[in-house]
Amino acid sequence: MSNEMTYENAVKRLEEIVNMLEKNEVTLDESMKLFEEGTKLSSFCNEKLTNAKQKITEISKD
C-alpha cells in the first residue's frame with residue numbers, strides 16, 4: 001500500500017475489483033491477485049475508519 005493511498009482511492013479501487021470479479025472475465029490467477037489486492041484494500045479502509053472513529057471519540061470527550 002502506498003503512503004499516498006487515500007480512503008477514497010482505496011474504495012474506488014475496491015469497486016473496480018468487485019466489478020472485474022463479477023464479470024467473470026479474468027483468469028483464475030488474475031482473480032486470486034485481485035482478491036488479494038481487495039483484501040489488503042479492505043483492511044486499509046477498515047483501519048482508516050477505526051482511526052477516524054477514535055479521533056471523533058477523543059474530540060467528543062473534550
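The protein has two helices and zero strands, where helices (H or I, at least four residues) and strands (E, at least two) are DSSP runs numbered from the N terminus. Its radius of gyration, taken over C-alpha atoms, is 15 Å, well over the 11 Å that the globule rule gives for 62 residues, so the protein is more spread out than a compact globule; that rule is 2.2 Å times the number of residues to the power 0.38. This is a predicted model, in which local features need pLDDT of at least 70 and side-chain atom pairs count only at pLDDT 80 or more, while totals for chains, interfaces and linings use all residues. Residues are numbered from 1 along each chain as its sequence is written, and side-chain values use heavy atoms, with hydrogens and water left out.

Along its principal axes, the C-alpha trace of the protein spans about 50 × 20 × 15 Å. Helix 2, which covers residues 28-61, has 34 residues and reaches 49 Å from its first C-alpha to its last, close to the 50 Å expected at 1.5 Å a residue, the expected span being 1.5 Å times one less than the number of residues.

Of the 62 residues of the protein, 13% count as buried, meaning under 20% relative accessible area with a 1.4 Å probe and protein chains only. In helix 2 the buried residues are S31, L34, G38, L41, F44 and C45, and they pack against helix 1 (7-23). Among contacts in the protein with a separation of 6 or more, 68% come from residues 24 or more positions apart, a contact being heavy atoms within 4.5 Å.

Definitions and conventions. Buried < 20%, exposed > 50% of the residue type's maximum accessible area, 1.4 Å probe, protein only.
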